[in-house]
Amino acid sequence: MSVVTIPLGSLAATTALGAAIGASLRPGDRVLLSGDLGSGKTTLARAIGVALHAEPELTSPTFILIAEHRGDLPIWHVDAYRLPPGSDALRAGIIDERQQHGVTLIEWPEHLEGLGAEGSGVLGIHLATTADEGTRSATIRGARAELLAALDTALGTSGSTRG
Ligand SMILES: Nc1ncnc2c1ncn2[C@@H]1O[C@H](COP(=O)(O)OP(=O)(O)OP(=O)(O)O)[C@@H](O)[C@H]1O
Ligand SMILES: [Mg+2]
């Protein structure tokens, strides 16, 4: 499986990444947004939402487990932070049949079980902030070829690594 790490030195870089991801998503896809508190999960989710013309704009749903948005595709935005680790995604109401027709963006996926392995329809994105404060990166796993091609075009390959 391809893995690519992209530096996110600014909010503009996050917006560009969100645009590339948004353009590559297909109905039924899940995007798993992992990373420490404040690493930029909601910021990237919002950028993906902008690319998909989400209404209303995605926000940090502190006390809301799951929010539904209209857009080019229906969008579900999940924040599982308040669920205990090991929660069953289906029983917790995170997974829903209607999501086959849209995309689901999930913050704190490590609190959930049953989301599926990273692969064609499940995109894993790990956001990290280095000790060199302010320097952020996104490590993407399970992306389709068209997303990787879009990243090459939009962001360039310099500074990214593949394995
Ligand atoms: N690429 C970036 N460059 C600079 N600042 C960023 C970047 N991405 C996010 N930020 C800033 O980091 C802060 C926290 O971001 P955000 O709320 O997206 O994190 P989060 O991972 O969703 O946090 P939480 O774990 O609380 O849900 C915000 O002030 C946001 O503007
Ligand atoms: Mg968040």
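Tutor: Let us begin with His53, which is partly exposed because 13 other C-beta atoms lie within 10 Å. A residue is buried if 20 or more other C-beta atoms lie within 10 Å of its own, exposed if 12 or fewer, and partly exposed in between, with C-beta atoms placed from the backbone. This is a predicted model, in which local features need pLDDT of at least 70, side-chain atom pairs count only at pLDDT 80 or more, and totals for chains, interfaces and linings use all residues. Residues are numbered from 1 along each chain as its sequence is written, while chains are lettered from A and ligands numbered from 1 in the order in which they are written.

Student: Where is His53 placed, and what is its phi?

Tutor: Most residues other than glycine have a negative phi, and most peptide bonds are trans. His53, in the loop between α2 and β3, has a positive phi of about 55°. Helices (H or I, at least four residues) and strands (E, at least two) are DSSP runs, numbered from the N terminus. That loop also holds Pro56, and the peptide bond from Glu55 to Pro56 is cis, with omega near -10°.

Student: Is Trp108 buried or exposed?

Tutor: Trp108 counts as buried, because it has 20 C-beta neighbours inside 10 Å. Its phi is also positive, near 60°, and it is found in the loop between β6 (103-107) and β7 (112-113).

Student: How should I read the nonpolar core?

Tutor: In soluble globular proteins, nonpolar side chains tend to be buried together. A nonpolar core is a set of buried Ala, Val, Leu, Ile, Met, Phe, Trp, Tyr and Cys residues joined through C-beta atoms within 7 Å. Here the largest such core has 38 residues, and Val31, Leu33, Ile48, Leu105 and Ile125 have the most contacts inside it. The largest share of this core, five residues, comes from α2.

Student: Which residues come nearest to ligand 1?

Tutor: A residue is near a molecule if its C-beta atom, placed from the backbone, lies within 6 Å of it. Of the 16 residues around ligand 1, the nearest are Leu8, Gly40, Lys41, Thr42 and Thr43. Both α1 (11-24) and α2 (41-51) supply at least two residues of this shell.

Student: How many helices and strands does the protein have?

Tutor: The protein has three helices and nine strands. Of its 163 residues, 37% count as buried.
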